[in-house]
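Please examine the model shown below together with its sequence. The paragraphs that follow lead through its charged pairs, its strands, its nonpolar core and its aromatic rings.

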Amino acid sequence: PLLLFPATSAPRVCLSRNPRGAESALLYPHLPPPPPQPHPSPRTTGAAMAEMTLYIEEVDEDDPGPSVPDQPDLEEAEGAEAGDVVYLGRLEDPEVQPDGAPSEPCKVKLAAQTTVSRGGASLVEACGKLLVLGGADRTGQCFGDVHAISADGARTLEVAQGSSDPEARSGHTCVSAFAKVYMFGGADMVRGKCFGDLHSLDPETACWSNNDLPQAPPPRNSHSAVFVLAEATRGDMIVFAGASEEGTLADLWALEFRDSAPVAWRELEPQGAKPVSREMHVAAPCVGRMIMFGGRHESGEVLTDLWVLDQDPWRWARFADAPSPRCAHVGEVLGHRFITFGGIDGRSLVADCLSYDIDRNEWNRHEVTPAIVAGRFGHSSVVSEGAMLVFGGVDMENDHGDLHRFEFQFQGE
């Protein structure tokens, strides 16, 4: 049988389509289990965050399933020249605060409480507006609406109706670029659709436009997308991995912008070692680079690896692994630190923050104080005014519609 997480004899929470049909205990009664899978178990099909079904199941510790490759690229190391970045395997024992001894606390404030409760949505700031786009509730019902969030709650943006409107979805990505919001991908598992279309929203006119271009990436959901600015009117939206109808992906794409508009897709072939396929990871821009962390491998393993993607030339480099795995989490860069909150660690929902110090190549764990934010997955985030804003998500019992502001004060800064 397909194992979703590293083997253990104890029951645990699994995040996936149900691989064993009636043998697993369905914790979300709203969603019927999909048909049992034949043997040998096929590749898992990705699903949008908010449409995931949680199961508890026993696994056979004698059958740990496939693991993520962990070997150095020796051939590349032999041919390396001065200045090259060569992957030489995992960094052993990264510096990290031990369990039970967190570093500086993360202070959280409730910024808004809305009735827009959902997971798998996108949170983005554009033209002075904080917007929530799409998502789904715990029944799997997807939304195609747009809401403007403020301290007073959520206001539905009256979008002009037209043929360019994207279909309702969740597990998509949205980035802000040149005063517009660009939406790519996503899925509607109730209708059995996985999307590969590109749309843009003008927040000022509240109008959608279709921006489909030739040679686009395959349809996907639970992927990542970040916008990296190159010049005043140029940049790239970088799309990595995700889940397709065939399984998890490991491809890397760039949508090139010239004169403040998207002009062409191209698949990137970065040098050196590359991250394994995954879904439900996070990525964030960082001074012309992209940081990517965690996610779930096709084997079911929840990942701890952190990678940095450089440009000119395009190249991946792996840095210190996190102290615990994460998938369906959020992550942003604040200053010289990458911050992640919530998600699933392979056994349960978590409600703590991890931070990675880019300069020191070390991880820290942070308590969230006050503890007003429940553990969740499928939430969304954005950086605004030096803080990380986190919206929505779902847990075992509820869809969330709250917006929290996460603030950090690091010692000596």
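**Salt bridges, strands and core**

The count of salt bridges comes to 23, a salt bridge being a side-chain nitrogen of Lys or Arg within 4 Å of a carboxyl oxygen of Asp or Glu. The model is predicted, so local features need pLDDT of at least 70 and side-chain atom pairs count only at pLDDT 80 or more, while totals for chains, interfaces and linings use all residues. Residues are numbered from 1 along each chain as its sequence is written, and side-chain values use heavy atoms, with hydrogens and water left out.

Side chains of opposite charge can pair when their charged atoms come close. Arg266 lies in strand E18 (residues 261-267) and Asp236 in strand E16 (residues 234-243), so the pair ties together parts that are 30 residues apart in sequence. Strands (E, at least two residues) and helices (H or I, at least four) are DSSP runs, numbered from the N terminus. Arg266 is partly exposed, with a relative accessible area of 31%, whereas Asp236 counts as buried at 8%. Buried means under 20% relative accessible area, exposed over 50%, and partly exposed in between, with a 1.4 Å probe and protein chains only.

A salt bridge also joins the side chains of Arg278 and Asp305, at 2.7 Å, N to O. Arg278 lies in the loop between E18 and strand E19 (282-286), and Asp305 in the loop between strand E20 (289-293) and strand E21 (306-310), so this pair ties together parts 27 residues apart in sequence. Both Arg278 and Asp305 are buried. Arg289 forms a salt bridge with Asp310, the closest N and O atoms being 3.9 Å apart. This pair links distant parts of the chain, with Arg289 in strand E20 and Asp310 in strand E21, 21 residues apart. Arg289 counts as partly exposed at 27% relative accessibility, and Asp310 counts as partly exposed at 26%. Elsewhere, Glu167, Asp188, Arg191 and Lys193 are linked in a network of salt bridges.

E19 and E20 pair in the antiparallel sense over five bridges; two strands pair if DSSP finds at least two bridges between them. Within this pairing, Val282 stands opposite Phe293 in E20. The two strands E19 and E20 form a hairpin with two residues between them, and Val287 in the turn has a positive phi of about 50°. Four bridges join E20 to E21, which run antiparallel, and the bridge partner of Met292 in E21 is Trp307. E20 is mostly covered, as four of its five residues are buried.

An open sheet of four strands has the order E5-E6-E7-E8, with antiparallel pairing. Its edge strands are strand E5 (122-126) and strand E8 (153-156), each of which pairs on one side only. Within the sheet, three bridges join strand E6 (residues 129-133) to strand E7 (residues 146-150), and Val132 has His147 in E7 as its bridge partner.

What are the residues with the most contacts inside the largest nonpolar core? This core has 16 residues, and those with the most contacts inside it are Ile238, Phe240, Leu252, Met290, Leu309 and Trp316. A nonpolar core is a set of buried Ala, Val, Leu, Ile, Met, Phe, Trp, Tyr and Cys residues joined through side-chain atoms within 4.5 Å. The elements that give two or more residues to this core are strand E15 (224-231), E16, strand E17 (248-258), E20 and E21. E16 gives the most, with three residues.

The structure also holds eleven aromatic pairs. Phe178 and Phe227 form an edge-to-face pair, 5.5 Å centre to centre with 80° between the planes. Rings of Phe, Tyr and Trp (its six-membered ring) pair if their centres lie within 6.5 Å; planes under 30 degrees apart count as stacked, over 60 as edge-to-face and the rest as tilted. Phe178 counts as partly exposed at 23% relative accessibility, whereas Phe227 counts as buried at 14%. Phe178, Tyr182, Phe227 and Phe257 form one aromatic cluster.
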